[in-house]
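Hi there,

Here is the structure I promised to pass on to you. Have a look at it first, and then read my notes below.

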Amino acid sequence: MIQQFLEWLSSIGIPGLFVVMFLEGASLPFPGIIIVFSYGYIIAPGYIETIFIALGMSIFYSIASLIPYFIGLKLEEYLPTRLRKGIKKGISIFHRYGIWSIAISRPFGVGNYISYVAGISNVHLFKYFALTFLGIFPWSYLVIILGDYFHGNYEVLQQHLQSFSIYGYILIAVVVIITIFLFLRFNQRKKNSG
């Protein structure tokens, strides 16, 4: 059955990969990572060719992410006034600290839903599109490369990642601590200079 699935993906080719990225970007509940991972094995591109494929994937994803963005943009109009006040506070916090969360969250499951928040927060369209593209491009490149490396076997990748998961948690903790430290230091300098 897996072989039939791989043959089907192979017959569709790269346009199928772009369709998968479009569906993923539109926030549809879709196992995009598994299919993209399988495509890495099927097309087995080199490092340079993968850059161009990842560019195409990122463009399709970013265009599709405009759908939930515009839904979020229109959704604010239909919210009750009382709820809008709370959202306004959230919007100001999002604009002050969270705009980079658009890019940072893209590789993770929550990344698809940040599009709605960005729309509700009325993030500038060009900035939203650029951050979405910046966030999904490295993911696209890496998943294609890993799909080729692990021969499209997603279960082997999961086992491999589980064996190194402690290092991942340590890395995440270090990044969070450094980010908090830099943020506090930046705020302290801002207060001292202002």
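**What I found**

In the protein chain, 79% of the contacts with a separation of 6 or more are between residues 24 or more positions apart; contact here means heavy atoms within 4.5 Å. Before you read on, please note that this is a predicted model, in which local features need pLDDT of at least 70 and side-chain atom pairs count only at pLDDT 80 or more, while totals for chains, interfaces and linings use all residues. Residues are numbered from 1 along each chain as its sequence is written, and side-chain values use heavy atoms, with hydrogens and water left out.

**The chain as a whole**

The protein chain has 11 helices and 0 strands. Helices (H or I, at least four residues) and strands (E, at least two) are DSSP runs, numbered from the N terminus. Read from that end, the elements go α-α-α-α-α-α-α-α-α-α-α.

Of the 194 residues, 35% count as buried. Buried means under 20% relative accessible area, exposed means over 50%, and partly exposed is in between (1.4 Å probe, protein chains only). The accessible surface of the chain is about 12500 Å², and 71% of this belongs to carbon and sulfur atoms. Such areas come from the Shrake-Rupley method with a 1.4 Å probe, and for residues only the protein chains shown count as cover.

**A nonpolar patch**

Which residues form a nonpolar patch on the surface? They are Phe22, Ile59, Phe60, Ile63, Ile67 and Ile71, with about 480 Å² of accessible area together. The elements that give two or more residues to this patch are α4 (47-64) and α5 (66-75), and α4 gives the most, with 3 residues. Patches are made of residues with over 30% relative accessible area and no salt bridge; like charges are joined within 9 Å, and nonpolar side chains (Val, Leu, Ile, Met, Phe, Trp, Tyr) within 5 Å. A salt bridge is a side-chain nitrogen of Lys or Arg within 4 Å of a carboxyl oxygen of Asp or Glu.

Take isoleucine 59 from this patch. This residue lies in helix α4 and is partly exposed, because its relative accessible area is 38%. The C-alpha atoms of isoleucine 59 and methionine 21 are 8.8 Å apart, although 38 residues separate the two along the chain.

**How α4 and α5 meet**

These two helices pack at an angle of about 20 degrees, with their axes 4 Å apart. Axes are lines fitted to C-alpha atoms, for helices over the stretch in contact, and angles run from 0 to 180 degrees between N-to-C directions. So α4 and α5 are roughly parallel to each other. The contact is made by Ser62, Ile63 and Ala64 of α4 and by Leu66, Ile67 and Pro68 of α5. As for the wording, angles under 35 degrees count as roughly parallel, over 145 as roughly antiparallel, 65 to 115 as roughly perpendicular and the rest as oblique.

**Some buried residues**

Is alanine 26 buried or exposed? Alanine 26 is buried, because its relative accessible area is 13%. You will find alanine 26 in the loop between α2 (14-25) and α3 (32-43). Leaving aside neighbours within four places in sequence, alanine 26 is in contact with Ala64, Ser65, Ile67 and Pro68. Its C-alpha atom is 9.2 Å from that of tyrosine 69, 43 residues apart along the chain.

Serine 140, in helix α9 (residues 125-149), counts as buried because its relative accessibility is 0%. Apart from neighbours within four places in sequence, serine 140 is in contact with Met21, Ala54, Met57 and Ser58.

Two glycines are worth a look as well. Glycine 16 is in helix α2 and is buried at 8%. Glycine 13 lies in the loop between α1 (2-12) and α2, and is buried at 18%; the C-alpha atoms of glycine 13 and isoleucine 42 are 8.6 Å apart, with the two residues 29 apart in sequence.

**Two positive phi values**

Most residues other than glycine have a negative phi. Serine 27 is not a glycine, yet has a positive phi of about 65 degrees. Serine 27 is in the loop between α2 and α3 and is buried at 8% relative accessible area. Asparagine 122 also has a positive phi, near 60 degrees, and is placed in the loop between α8 (114-120) and α9.

Enjoy exploring!
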